[in-house]
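Dear colleague,

I am handing over a structure for your attention. Please look through it before reading the notes that follow.

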Amino acid sequence: MIYQLNNQDLFSPSSIAVKIFIGKIPKTWSEEEVLDFFKRFGKIQDAQVIRDNIGSHRGCAFVTFYSMTEADIVIGALNEKIFLPGVN
């Protein structure tokens with residue numbers, strides 16, 4: 001049986017949300033700034049800045065894209081290619 005929603009295969013790469021780890025972001029960035037930077041690559045479901053036990057920014061985040069296709073675009077565009085200012 002094939003499951004569909006709005007004529008789209010539920011198990012196709014274009015229909016599965018993908019959470020990716022983003023390392024080495026400025027520790028001054030909020031979730032909104034992470035969203036603003038990454039939205040140019042595709043539709044984002046969620047962004048979470050990773051913090052330690054006392055709430056300090058760890059310099060990394062998780063960004064969830066609505067599809068594998070969008071996640072692949074950002075990975076191809078940025079992985080080991082873009083280095084943000086203010087990051088060691």
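Which residues does E70 touch, not counting residues up to four places away in sequence? E70 touches F41, G42, K43 and F65, where contact means heavy atoms within 4.5 Å.

The model is predicted, so local features need pLDDT of at least 70 and side-chain atom pairs count only at pLDDT 80 or more, while totals for chains, interfaces and linings use all residues. Residues are numbered from 1 along each chain as its sequence is written, and side-chain values use heavy atoms, leaving out hydrogens and water.

E70 lies in helix 2 (helices are DSSP runs of H or I with at least four residues, strands are runs of E with at least two, and both are numbered from the N terminus). E70 is buried (under 20% relative accessible area with a 1.4 Å probe, protein chains only). E70 has no salt bridge (a side-chain nitrogen of Lys or Arg within 4 Å of a carboxyl oxygen of Asp or Glu). K43, the nearest side chain of opposite charge, is 7.5 Å away (Lys and Arg count as positive, Asp and Glu as negative; His and the chain ends are not counted).

Helix 2 (residues 68-78) lies across strand 3 and strand 5. Three strands form an open sheet in the order 3-5-4, with antiparallel pairing (two strands pair if DSSP finds at least two bridges between them). Strand 3 (18-23) and strand 4 (44-51) are at the edges with a single partner strand each, so one side of each has no neighbour in the sheet. Six bridges join strand 4 to strand 5 (residues 57-65); A47 has V63 in strand 5 as its bridge partner.

Yours sincerely

Key: Axes are lines fitted to C-alpha atoms, for helices over the stretch in contact, and angles run from 0 to 180 degrees between N-to-C directions. Buried means under 20% relative accessible area, exposed over 50%, partly exposed in between (1.4 Å probe, protein chains only).
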